[in-house]
Amino acid sequence: MAADRTASAPATLTQATGATRGTVGESTPRPDGTLKVTGEFAYSSDLWHEDMLWGFTLRSPYAHAAIRSVDTAEALALPGVYAVMTHDDLPAGTHYGLEIHDQPVLAKDRVRFHGEPVAIVAADHPETARRAAARIAVEYEELPLVVDEATATAPDAPLLHPGRRDHHASHVPHPNIVHRQPIRRGDVAAARARADVVVRRDYEVGMQDQAFLGPESGLAVPAEDGGVDLYIATQWLHVDRDQLAPVLGLPADKVRLTLSGVGGAFGAREDLSMQAHACLLALRTGRPVKIVYNRYESFFGHVHRHPAKLTYEHGATRDGTLLYVQCRIVLDGGAYASSSPAVVGNAASLSIGPYVVGNVDVEAIALYSNNPPCGAMRGFGAVQACFAYEAQMDAVAAELGLDPVEFRQRNAMSQGATMPTGQLVDSPAPVAELLRRVKALPMPPERDWEAAGGPVDVRALPGGLSNTTHGEAVVRGVGYAVGIKNVGFSEGFDDYSTARIRLEVIGGEPVALVHTAMAEVGQGGVTVHTQIARTELGVDRVTLHPADTRVGSAGSTSASRQTYMTGGAVKHACEAVRAEVLRRGRERFGASHPAWAEPERLRLEDGKVVTDGGEVIGDLAGILGDEAIDLEREFRHRPTEPFDLRTGQGFGHVQYSFCAHRAVVEVDTELGLVKVVELAAAQDVGKAINPLSVVGQIHGGSTQGLGLAVMEEIVVSRDGARVRNPSFTDYLIPTILDTPAMPVEVLELADDNAPYGLRGVGEAPTLSSTPAVVAAIRAATGRPLKRVPVRPEHLTGG
Amino acid sequence: MRVNMTVNGRPYEADDVWEGESLLYVLRERLGLPGSKNACEQGECGSCTVRLDGVPVCACLVAAGQAEGSEVVTVEGLADHARQRSGEAAGAVCPGEPEEGHPGTPGTTRHPEPTRPGQVAPLAPVQQAFIDAGAVQCGFCTPGLLVTADELLERNPDPSDADIREALSGNLCRCTGYEKILDAVRLAAARTGEAV
């Protein structure tokens, strides 16, 4: 049985539509749906290869220590062990990183966070590999810890990366600050003097984990040409390859990556995890090597959402006009840079929310510390800011005696507004309308646990089946929030995607093959590609080639960008293929009909060439014959520019995305237990390419925001900077009992700059969900709640 | 050690099993049945849920040796399991109705119409409902949820929302926010109800 599972590339998926036509705008079923419900879809942890070995990683038990010695002899002596590697065994490059190459493949003489990889083992059974790793003797000498801004910038602070020479090093105020981005506009001091109401508060956001379900895993297979084939779950194949090749000492074309099934990502697969380790062991042993983290290791194996400390001051006039915002956002980036610089740029530029404010003074920084490295997670810097600025909006509204929704609407941005960065918002920004829509939705019934005359259904109460209350001391609250997220890579990054389209006749029927390197991580990009190909080429059957590095880069599956970018690339390449179809048609059949001379009047539909008047003048099968059209094209969004390092001014973002939430909660004020009863959302998506998937993204993002509001935090010990809860027993993500009904309103106001007018969807709902839930808890309890996640002890006692 | 068990109606024998191996490891790595997923291996996420002599369990928490002589149903066998059940039910209700034939032999890997997987495949009602309702995103939680939901519908063909939430509360999903999963279970219940 097992022998027929090999590490060959995932099967191509051909989809023909059933009930729907499967074009743009239709709720089209996933092409991988059947494989996923039958258990046949091959995730990266399912791969198997004959003679395969298992890799395992030895990690540091300390957050900051010097390594005095490493002795691998006892590990190597264990039967079944094929290789043990440490820093000294690395064949070429020793560091990697997304932007700054500051992360060691294996620690050399110093570990900087709890769980940092120190050595790797390959053995013939995973348990043998684990036991061998336990036999590696490492002598550590603990070093003083950097755990927050004060310890990072103290006069005698140990430097995390002494002598750093990255491109941020020259402008940061301290070498333990990765990046600093101020934003200055208007005159805050003068505005403060005119303000009738000033609210200044501190906020804190805990460290959230992406908690994707499919663990970090992959299979590296050494190739006869001296290269390596890596089957991997990642978010961006090409950037993995570009980091791996120098570490392996191989040219890029000998490091070939193919995407395996990906069990969720949410930012956590942007950085390398086990990729280099598996490839190194495979090349060392000459055998295929599989590495699969378990959940415990996964908590150490990827970056998390930056925890943040935020100070905000808002000033407004009596009539409810915001005059100024001053804020300072301190993000803890942990031991290595990862994507901290870009997170800083986002946090700063989106720090005041979707509001018009003439006077702004913002500073955002990310620290180097001995805490776990932090980087990309859904929302990427905008989540932390949104929690604080929306809490402030409620606080200022309360000071003014205004309704919180009305106060937001008075200050809401709309198309034509100017961001604090000076960037003009040049496409729809229906912020007030989104708030109006969630507010207008009917409210869920009160005291739903009281069946008429029957017993109390505790399942509808805070505490649920724990049977902690029958409704005594349970109070309801309602809260609102709205947020703004950028779409695509910002600040001058050359952001592009590539698609290859092959159109040919198979069995008398035209079939389009779509080949991209886009990482399908669950979001449904593969479905979108089939829809776009059908729409642009007028075919029914679309085959998806496995994503790999044999085609150009698709960029990252992050920043809500793939439908825009790789969807845009597929559209662009299909347009080129269509132009070639029409050129060939004109060449062969031009004399038969005058419309061939006017290709702009022609479209492809149901395998035919059709005029704008609906007349069929040719068919694809006849035009193509047995000659395929095979074209690869790149697609770029409009260029952006970096933010000025002193003023933060600049056309930094491609597109903005907006979502509003209304949360209804019930709180047991005696036990401090919260039940979110309903979480309604309204979002502008520009154009819903696949409405079912769009709603699924909004549900999923809203739920992760709910998790941050009331449950999710990686707890790091203050004294040792050690992760205290690396398990799903102690790191809680929402279950189906924690997650409420989530009505969704979808707006489609086209952005004329984007393919089909679409707007990136995935992240915006993660922003406003958290502050809406916390606002509802504040409304229920009257407590200030300046920190997420909210815990029971924040809701009880004095 | 050697472990014998029946998986999806077919007898299996696994040799050289180390005593510390879980049922999940033996299914995935020794029997070629990787459909049951390894999301936490701590008994918290439910992605490895299988039926062990009819009872839903986390396969990661069952020592392989404990499954000796047992009947196991995994996601790979769910369609056959549902078909047998509906055959029994149909047999009880309308004995004259012929059982629909199906191409797969129990326990073998099925490749339903490999070039057109979007088309008709012999799926359990709950599997088809997950596809139709949009309950599958990354899909890593899906096998465990399907086994759990199928067992719920076997016990309770017409569950309330609260019943569904209670039954699925041991299965974590990180992508969907569960709304579409609720839709899928409701849909499967409704379709099965109509079919009877």
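Predicted model: local features only at pLDDT ≥ 70, side-chain atom pairs only at ≥ 80, totals over all residues.
A disulfide is a covalent bond between the sulfur atoms of two cysteines, and the cut-off used here is 2.5 Å between the sulfurs.

Take Cys386(A). Its closest cysteine sulfur belongs to Cys659(A) and sits 9.4 Å away, so the two are too far apart for a bond. Cys386(A) is also buried, with 0% relative accessible area. Over in chain B, Cys48(B) has the sulfur of Cys60(B) as its closest cysteine sulfur, but at 3.8 Å that is still too far for a bond. Cys48(B) counts as buried too, at 3% relative accessibility.

## Where chain B meets chain A

On to the interface. Contacts link 64 residues of chain B with 73 residues of chain A. About 5500 Å² is buried between the two chains, and carbon and sulfur atoms give 57% of that area.

As for charges, six salt bridges run between chain B and chain A. In a salt bridge between Glu166(B) and Arg459(A), the side chains come to 2.8 Å, N to O. On the chain B side, the elements supplying at least two residues each include β2 (10-14), α1 (23-30) and α6 (179-195). The top contributor on that side is α3(B), with five residues.

## An annotated stretch of chain A

An unreviewed UniProt entry annotates residues 38-144 of chain A as "domain: Aldehyde oxidase/xanthine dehydrogenase a/b hammerhead". In the model, that stretch is 13% helix and 36% strand, and its end C-alpha atoms lie 52 Å apart.

Note on methods
Residues numbered from 1 in each chain as written. Chains lettered and ligands numbered in written order. Heavy atoms only, no water. Buried < 20%, exposed > 50% of the residue type's maximum accessible area, 1.4 Å probe, protein only. UniProt positions renumbered as here; feature names shortened; annotations may be inferred. Helix = DSSP H or I, 4+ residues; strand = E, 2+ residues; numbered from the N terminus. Contact = heavy atoms within 4.5 Å. Buried area = accessible area lost by both parts, 1.4 Å probe. Salt bridge = Lys/Arg side-chain N within 4 Å of Asp/Glu carboxyl O.
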